[in-house]
Amino acid sequence: MTSTPTARIGGATLGKAADENFPVAPFFLPRAWRGDLMAVYGFARLVDDIGDGDLAPGGADARHLGLEPEQSDDRLAMLDALETDLRRVFATTGEEPHHPLLRDLRPTVRRRALTPDPFIGLIEANRQDQKVRRYGTYAELAAYCELSANPVGRLVLALTGTTSPERVRRSDAVCTALQIVEHLQDVAEDLERDRIYLPAEDMERFRVTESDLAAPSAGASVRALIAYEAQRASDLLDEGPPLVGSVDGRLKLLLAGFVGGGRSALTAISAAGFDVLPGPPKATKPSLLREVGTVLRRARGER
């Protein structure tokens with residue numbers, strides 16, 4: 001069967017799930033959960049693709065959002081149009097959402113009684129990416145992660161009906177850690193986009209300059225900086241096993257996959273000698289499985 005243009009748009013976006021550090025909607029989850037997780041992932045991926053300028057060529061996403069195809073490169077205009085379409089997802093009257101990925105999201109929002117705030121946070125994070133290219137302090141970076149990463153964990157808890165203040169606190173720590181890990185993997189790629197997510201205060205402490213980050217491979221000072229940030233992420237991931245231990249059934253495996261994915265990515269960074277400049281160190285499947293097993297064992301001890 002030949003796919004429609006709409007199906008190709010959604011498929012191209014959702015197909016990026018395989019490149020994430022963690023399983024987005026693994027096979028062992030109930031079908032309804034998988035569908036809802038992929039609907040949320042589709043929105044989050046679309047927001048990031050707009051913010052990074054990684055949309056499929058041809059301007060179809062812009063047309064779906066009510067803009068001209070040539071406006072695809074106007075990231076702020078695209079994010080504004082996406083927010084307008086998101087409002088349609090939550091509206092009880094008026095037009096249906098225009099973009100196919102947001103039309104797919106609407107049943108999930110209604111079925112799970114989701115609120116707009118996490119979705120708006122993801123859009124705002126990408127707006128911030130267009131305006132803020134450097135972060136002076138870790139506190140500033142953590143505030144960015146509050147918008148760019150933490151909403152995803154909160155949505156997972158909401159989708160599975162397991163939200164509680166303590167779980168949200170631990171989930172926020174895990175999601176911030178995963179965002180930091182991604183930033184460490186993508187130092188070179190981010191610099192090409194004129195973005196640096198390593199706090200300036202830390203770069204100064206380790207005597208790392210922007211020119212050092214542009215080198216083909218990392219010197220001792222860059223490696224020490226990356227190791228420092230990796231340890232920070234590792235400490236945050238320590239909130240993972242108690243979070244995993246607080247839930248049951250298949251959700252336990254899903255959350256262990258998130259935490260294990262972060263751990264295995266850190267293992268890959270360490271195995272590369274903390275030299276992330278030649279390209280992002282990637283975790284192997286055996287490493288992921290080992291780390292998930294470790295998380296599950298630690299989670300049993302937390303109960």
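Predicted model: local features only at pLDDT ≥ 70, side-chain atom pairs only at ≥ 80, totals over all residues.
Student: How do you know that the radius of gyration agrees with a compact globule?

Tutor: Set the value against the rule. A compact globule of 303 residues would have a radius of gyration near 19 Å. The protein has 19 Å, so the two agree. Along the principal axes, the C-alpha atoms fill a box of roughly 55 × 45 × 40 Å.

Student: How many of the residues are buried?

Tutor: Buried residues make up 50% of the 303. The protein exposes about 13,800 Å², and carbon and sulfur atoms supply 53% of that area.

Student: What do the contacts say about distance along the chain?

Tutor: Take contacts between residues at least 6 apart in sequence. Of these, 68% join residues at least 24 apart.

Student: Where do the charges lie on average?

Tutor: There are 38 positive and 44 negative charges. Their mean positions are 8 Å apart.

Student: Why is α9 called mostly covered?

Tutor: Because a residue counts as buried under 20% relative accessible area, and 16 of the 21 residues of α9 are buried.

Student: Why is Arg-170 called buried?

Tutor: Arg-170 is found in helix α9. Its relative accessible area is 19%. The cut-off is under 20%, so Arg-170 is buried. Arg-170 touches Glu-239, Pro-242 and Leu-243, leaving aside residues up to four places away in sequence.

Student: What is the reach of helix α13, and which of its residues are buried?

Tutor: Helix α13 runs over residues 220-237 and has 18 residues. From first C-alpha to last, α13 reaches 25 Å, close to the 26 Å expected. Its buried residues include Val-222, Leu-225, Glu-229 and Arg-232.

Student: Why is Thr-84 called partly exposed?

Tutor: Thr-84 is found in helix α4. Its relative accessibility is 41%. Thr-84 and His-98 are 14 residues apart along the chain, and their C-alpha atoms are separated by 9.8 Å.

Student: Does Gly-35 count as buried, exposed or partly exposed, and why?

Tutor: Gly-35 is in helix α2. With a relative accessible area of 40%, Gly-35 falls between the cut-offs, so it is partly exposed. Gly-35 and Gly-261 are 226 residues apart in sequence and 21 Å apart in space, C-alpha to C-alpha.

Student: What makes the phi of Arg-207 worth a look?

Tutor: Most residues other than glycine have a negative phi. Phi of Arg-207 is near 60°, a positive value. Arg-207 sits in the loop between α11 and α12.

Student: Why is Arg-207 called exposed?

Tutor: Exposed means over 50%, and Arg-207 has 72% relative accessibility, so Arg-207 is exposed.

Student: What about Phe-274?

Tutor: Phi of Phe-274 is near 65°, also positive in a residue other than glycine. Phe-274 lies in the loop between α15 and α16.

Conventions. Residues numbered from 1 in each chain as written. Heavy atoms only, no water. Rg over C-alpha atoms; globule rule 2.2 N^0.38 Å. Buried < 20%, exposed > 50% of the residue type's maximum accessible area, 1.4 Å probe, protein only. Contact = heavy atoms within 4.5 Å. Areas by Shrake-Rupley, 256 points an atom, 1.4 Å probe, with all protein chains shown as cover. Lys, Arg positive; Asp, Glu negative; His and termini not counted. Charge placed at Lys NZ, Arg CZ, Asp CG, Glu CD. Helix = DSSP H or I, 4+ residues; strand = E, 2+ residues; numbered from the N terminus. Expected span 1.5 Å × (residues − 1).
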